[in-house]
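Here are my notes on the model, as numbered points. Please read them with the structure open.

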Amino acid sequence: MAEVVTGEAVVLDLTIARFPSRIVALLIDILVQLPVLIFVVVVVSATSASHLNTASGAAIYLAGFMFVWIGYPLIFETLSRGKTLGKLALGIRVVSDDGSPERFRQALVRALSAAFIEVWLFPLNLIGIPAGLITSMVSAKGKRLGDMFAGTFVIQERVPRRPELAPVFTVIPPQLLGWAPHLEVSRLSDQTAAAANSFLRRYYDLRPAAREQLGMQLAATVAAQVSPLPPPGTDPAAYLAAVLAVRREREQARLFARQAAAHQGFAPYGSPGIQPFPASAGDPAGNPAPHASPASPAPAGTPAPHGQPGAGPGQGPTPNGTLPLGPDEMITLAKEDRPEDHGFAAPT
């Protein structure tokens with residue numbers, strides 16, 4: 001896995017394509033390209049014997065070679081956004097370093113690098129293939145020379161489907177219902193939670209001995225990050241399921257609170273449900289007074305816009321003894337009193 005930050009500052013977890021998959025994809029592409037190249041050689045040889053001289057035949061052969069070895073990956077990767085026939089068969093794709101689709105310039109750089117440095121001219125360049133193998137094994141993203149020049153890497157799109165979480169592990173076990181509300185899970189790391197979740201998903205696929213040993217290790221790791229400790233004799237799987245269920249419920253509650261605060265405190269000025277100015281004291285319905293046009297004088301007691309001097313001697317405290325607030329002050333108060341500021345801290 002590799003973490004990729006997109007241009008919109010979104011972190012993506014992408015699976016890096018393994019080296020054997022890329023080798024098999026390359027072999028499939030070679031099996032497609034070789035018959036075309038052999039056909040070009042046969043046609044050029046037959047034509048040169050009767051109609052073309054040696055220089056013309058060499059030029060046609062070179063053009064055919066360039067079209068097969070460079071045009072094939074260039075055309076396919078540009079039109080399919082990073083896939084050739086071999087990559088399509090293996091479920092892998094070339095992407096940019098920021099996770100965006102491969103562009104024409106990048107496909108051209110990769111094709112030229114493969115043709116003249118790494119693979120196709122290997123008999124004339126003995127350092128090409130070893131250099132590509134070394135860089136792909138050393139690079140954290142499995143980049144070969146062409147990927148380094150183009151700013152790309154290869155990801156695995158077709159990954160095995162994760163096993164579903166058993167229904168018994170999606171809720172708090174009955175024996176822990178009285179203990180779970182007092183659980184503090186703010187220090188539980190994402191890595192530990194992911195490991196516990198993976199263990200519960202594979203719980204029934206593990207052998208009993210491995211299941212018990214791994215469950216005890218994970219339960220001890222989780223217990224070091226959350227409190228209080230579970231009741232004596234708690235099964236490790238039940239303990240992990242309860243911790244993950246509590247963490248999931250509180251994260252959902254925090255998300256709902258954030259959405260509600262954003263809807264109430266950060267709604268556009270003048271939107272329904274938000275009063276831009278305090279209600280008029282003389283209006284029994286409590287509806288805000290309509291905005292006065294620039295040409296009409298403001299009535300006495302109307303609060304001045306934020307940052308401007310008062311409208312006159314009529315301006316003063318409202319009937320309840322407080323000064324009227326403008327829209328900026330109301331939004332500031334809404335920001336300072338958001339529900340998530342008083343909830344559990346985000347997992348580290």
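1. Burial terms first: a residue is buried under 20% relative accessible area, exposed over 50% and partly exposed in between, using a 1.4 Å probe and protein chains only. The model is predicted, so local features need pLDDT of at least 70 and side-chain atom pairs count only at pLDDT 80 or more, while totals for chains, interfaces and linings use all residues. Residues are numbered from 1 along each chain as its sequence is written, and side-chain values use heavy atoms, with hydrogens and water left out.

2. Overall layout. The protein chain has ten helices and four strands; these are DSSP runs numbered from the N terminus, with helices being H or I of at least four residues and strands E of at least two. In sequence order the pattern is β-β-α-α-α-β-α-α-α-β-α-α-α-α. Of the 348 residues in the protein chain, 34% count as buried. Contact here means heavy atoms within 4.5 Å. Among contacts in the protein chain between residues at least 6 apart in sequence, 65% join residues at least 24 apart.

3. Aromatic pairs. Rings of Phe, Tyr and Trp (for Trp, its six-membered ring) pair if their centres lie within 6.5 Å; planes under 30 degrees apart are stacked, over 60 edge-to-face, and the rest tilted. That rule gives seven aromatic pairs. One of them joins Phe169 and Tyr203 edge-to-face, at 5.3 Å centre to centre and 75 degrees between the planes. Phe169 is in the loop between strand 4 (152–156) and helix 7 (190–201), and Tyr203 is in the loop between helix 7 and helix 8 (208–223), so this pair ties together parts 34 residues apart in sequence.

4. What is the arrangement of the rings of Phe169 and Tyr204? Their centres are 6.1 Å apart and their planes are at 25 degrees, so the pair is stacked. This pair also links distant parts of the chain, with Phe169 in the loop between strand 4 and helix 7 and Tyr204 in the loop between helix 7 and helix 8, 35 residues apart. Phe169 counts as buried because its relative accessibility is 7%, whereas Tyr204, at 55%, counts as exposed. Ring pairs join Phe169, Phe199, Tyr203 and Tyr204 into a cluster.

5. Charges over rings. The criterion is NZ of Lys or CZ of Arg within 6 Å of the ring centre and within 35 degrees of the ring normal. The charged end of Arg211 sits over the ring of Tyr203, 4.7 Å from its centre. Likewise, the charged end of Lys141 sits over the ring of Phe153, 4.6 Å from its centre.

6. Leu214 lies in helix 8 and, at 27% relative accessibility, counts as partly exposed. Neighbours within four places in sequence aside, Leu214 is in contact with Phe199, Arg202 and Leu206. Leu214 and Phe199 are 15 residues apart in sequence and 8.0 Å apart in space, C-alpha to C-alpha.

7. Helix 2 deserves a look. The bend at a residue is the angle between axes fitted to the seven residues ending there and the seven starting there. Helix 2 bends by about 45 degrees at Gly71, with a proline, Pro73, following within four residues. Buried residues in helix 2 include Gly71, Tyr72 and Pro73. After helix 2 comes Arg81, whose phi is positive, near 60 degrees.
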